[in-house]
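Please look through the sequence and the model below before reading on. The paragraphs that follow lead from one part of the chain to the next.

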Amino acid sequence: MGTNENWPSRKLKCASQAEILRSHQRDDDFVKYLREKLSEISQNFGVHGTLIQHIRSDIPLKLLYFVFTSGMGNQTLGEEYTGIVQANLEQRRVPTLTVRVLAAVLECLGERTLLKLLERLQARVNHPNSELTPAAITFLNTLLSRLRTMIPIIVLFHKGLFYICGRYYSLGRRIAGLDYTKVYGPRPVDTVSWGLRLLGVATLIQCLLRIWQSGTLQDTTAVNNAKCISHNCQLCLEATATTATLCGHLFCWSCLSEWLRVKPQCPFCREYVPPSRIVHVMNL
């Protein structure tokens with residue numbers, strides 16, 4: 001009875017990095033095997049090419065694998081092999097179904113969905129029907145481009161933290177508060193953990209190099225744009241300016257004609273510009 005009273009004050013034994021990695025590797029091998037078999041079956045029965053393309057993707061199969069394992073409160077093959085289970089170490093409890101679903105969705109779709117969302121936002125910012133000023137368009141393009149560059153670096157940085165600390169295999173699991181605890185079986189030797197910690201340090205260094213490389217690339221692009229901005233379209237910033245409005249702002253023909261077709265005003269200063277008063281510029 002005294003043991004039961006002291007049990008809530010005990011901490012769960014956290015699974016090591018090696019055990020978690022081995023578990024996910026075994027699960028990935030099973031998903032890969034399942035994908036190969038389903039691909040063979042679909043080809044033998046002449047299934048439509050679009051369905052075959054979805055079968056060859058890991059994400060639908062990983063989600064299906066989750067439904068029949070963690071989604072039903074069971075261990076995955078990798079977790080059973082290494083003797084670990086999903087748990088909330090702070091609250092000392094098995095995570096709820098909502099937490100498990102959130103962790104699985106974020107791990108499989110989080111990064112890809114966020115990148116696609118940023119891509120669509122950037123496309124809407126650059127749409128001719130946008131009422132944003134050119135200064136706002138330039139600022140938002142820079143911001144969204146940097147976010148699209150930084151998101152994979154943040155995911156890689158979190159992986160480096162996992163190699164070093166051994167907590168939360170993915171960023172999605174950290175957000176959901178879902179970790180692993182060791183429940184049975186022998187633990188791996190400490191030398192493996194030190195090797196993974198060294199790998200984590202190398203991963204963090206790689207993140208810093210990527211940040212420096214992306215910053216250098218953006219600075220070079222900014223310098224190149226500054227050199228040719230006077231001769232480029234002020235909307236797309238790429239094509240050579242061939243037309244001008246009466247207020248003196250330069251644009252390429254396709255951007256300006258598309259803009260004036262929607263609203264007859266200068267995209268830069270909003271001054272009224274009838275489409276018939278476009279001035280063609282030569283010898284820039």
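The buried residues of helix α10 are covered by elements that include β3 (243-244) and β4 (250-251). Within α10 (residues 253-262), the buried residues are C255, L256, S257, W259 and L260. Here buried means under 20% relative accessible area, exposed means over 50%, and partly exposed lies in between, computed with a 1.4 Å probe on protein chains only. Helices (H or I, at least four residues) and strands (E, at least two) are DSSP runs, numbered from the N terminus.

This is a predicted model, in which local features need pLDDT of at least 70 and side-chain atom pairs count only at pLDDT 80 or more, while totals for chains, interfaces and linings use all residues. Residues are numbered from 1 along each chain as its sequence is written, and side-chain values use heavy atoms, with hydrogens and water left out.

The secondary structure of the protein comes to 10 helices and 5 strands. Of its 284 residues, 32% count as buried. Contact means heavy atoms within 4.5 Å. Among the contacts in the protein with a separation of 6 or more, 62% are accounted for by residues 24 or more positions apart.

Two helix pairs may be considered next. Helix α2 and helix α7 (residues 134-165) pack with their axes 8 Å apart, at an angle of about 125°. Axes are lines fitted to C-alpha atoms, for helices over the stretch in contact, and angles run from 0 to 180 degrees between N-to-C directions. The angle makes α2 oblique to α7; angles under 35 degrees count as roughly parallel, over 145 as roughly antiparallel, 65 to 115 as roughly perpendicular, and the rest as oblique. On the α2 side the contact is made by Q17, I20 and L21, and on the α7 side by F162, Y163, I164 and C165. By class, the residues of the contact of α2 with α7 are 6 nonpolar, 1 polar and no charged. In this division Ala, Val, Leu, Ile, Met, Phe, Trp, Tyr, Cys and Pro count as nonpolar, Asp, Glu, Lys and Arg as charged, and the others, Gly among them, as polar.

For α4 and α6, the angle is about 175° and the axes are 11 Å apart. These two helices are therefore roughly antiparallel to each other. From α4, the residues I59, K62, L63 and F66 meet R100, V101, A104, C108, L109 and R112 of α6. The contact of α4 with α6 has 7 nonpolar, no polar and 3 charged residues.

How many aromatic pairs does the structure hold? There are 3 aromatic pairs. Rings of Phe, Tyr and Trp (its six-membered ring) pair if their centres lie within 6.5 Å; planes under 30 degrees apart count as stacked, over 60 as edge-to-face and the rest as tilted. The pair of F30 and Y65 is tilted, because the ring centres are 5.4 Å apart and the planes stand at 40°. This pair links distant parts of the chain, with F30 in helix α2 (residues 17-44) and Y65 in helix α4 (residues 58-68), 35 residues apart. F30 is partly exposed, at a relative accessible area of 31%, whereas Y65 counts as buried at 11%. Another aromatic pair, F162 and Y169, is edge-to-face, with 5.5 Å from centre to centre and 85° between the planes. F162 is buried, with a relative accessible area of 1%, and Y169 is partly exposed, with 23%. Together, F162, Y163 and Y169 form one aromatic cluster.

Rings also meet charges. R26 lies over the face of Y81, at 4.1 Å from the ring centre. Likewise, the charged end of R197 sits over the ring of W194, 4.7 Å from its centre. A charge sits over a ring if NZ of Lys or CZ of Arg is within 6 Å of the ring centre and within 35 degrees of the ring normal.

Most residues other than glycine have a negative phi. Y168, although not a glycine, has a positive phi of about 60°. Y168 lies in the loop between α7 and α8 (171-176) and counts as buried at 11% relative accessibility. R92, also not a glycine, has a positive phi of about 55°, and is found in the loop between β1 (84-87) and α6 (97-125).

Finally, C207 is placed in helix α9 (residues 190-228). At 1% relative accessibility, C207 counts as buried. Neighbours within four places in sequence left aside, C207 is in contact with I153, L156 and F157. The C-alpha atoms of C207 and V155 are separated by 9.6 Å, while these residues are 52 residues apart along the chain.
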